[in-house]
Amino acid sequence: MIKDADTYCDPVFIDFQDDQIIHFELLEETKTGHLEKRQHFTEKLSETKHEFISENRIRKYRIGKTVTVISDTESISEDTEFSTDYERIEPTKTSLTTKEIQKLEFKIEWNGEKSHLIFNKYLDSSTIHKINQRLKREGRKFVLEELQGTYFASIYDDGKRETLIGIGEIDMKKAVLFGFPEKPYQIVAK
């Protein structure tokens, strides 16, 4: 599942079997780096509104509620159509081992923002890191995880997995990251 700025749920995977869409949730962080999934629910593909955005991306639509609060005692509720994108995962193309990948550092630029992809190190500034320590809180970090041969740069905040960024290809000089909510849907980190 591709998360955008308005999506606050845990990462979800779907699988297709005949006319069934099987939804999976991920188990908590594992010490081995291998993601484990658990079946959450199923639905019929023929009964869902969906469209293929590209060869590797499907967009599903669902009706939900939008609530507008007017005051402490008054609100307006209306049906709203929401969409969620899902990106196909395929095994990451690499000749590197997990340990070799975890030692690499890349520069990322997406939507005009610059960042670094460094595994298992806190991403917060030193000031935020000190505040987090006082609050007995873990900061944000990338953790390398794998599911069905696909590597992910998982973003953890305070020990909880928030977002998965797929790694389509990785070598010593670049990483092709996928699963972004807006075109071009992937970036090359160097």
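**Close-up views of the predicted chain**

**View 1. The chain and its surface.** About 12,500 Å² of accessible surface belongs to the chain, 49% of it on carbon and sulfur atoms (Shrake-Rupley method with a 1.4 Å probe). This is a predicted model, in which local features need pLDDT of at least 70 and side-chain atom pairs count only at pLDDT 80 or more, while totals for chains, interfaces and linings use all residues. Residues are numbered from 1 along each chain as its sequence is written, and side-chain values use heavy atoms, with hydrogens and water left out. Of the 190 residues, 35% count as buried (under 20% relative accessible area, 1.4 Å probe, protein chains only).

**View 2. The largest nonpolar core.** Here you meet 20 residues, with Leu117, Phe119, Ile167 and Leu177 making the most contacts inside the core. A nonpolar core is a set of buried Ala, Val, Leu, Ile, Met, Phe, Trp, Tyr and Cys residues joined through side-chain atoms within 4.5 Å. At least two residues of this core come from each of strands S7 (105-110), S9 (140-147), S10 (150-157), S11 (160-170), S12 (175-178) and S13 (186-189) (strands are DSSP runs of E, at least two residues, numbered from the N terminus).

**View 3. Around Leu117.** Leaving aside residues up to four places away in sequence, Leu117 touches Leu104, Glu105, Phe106, Ile108, Phe142, Ala153 and Leu177 (contact means heavy atoms within 4.5 Å).

Methods. Buried < 20%, exposed > 50% of the residue type's maximum accessible area, 1.4 Å probe, protein only. Helix = DSSP H or I, 4+ residues; strand = E, 2+ residues; numbered from the N terminus.
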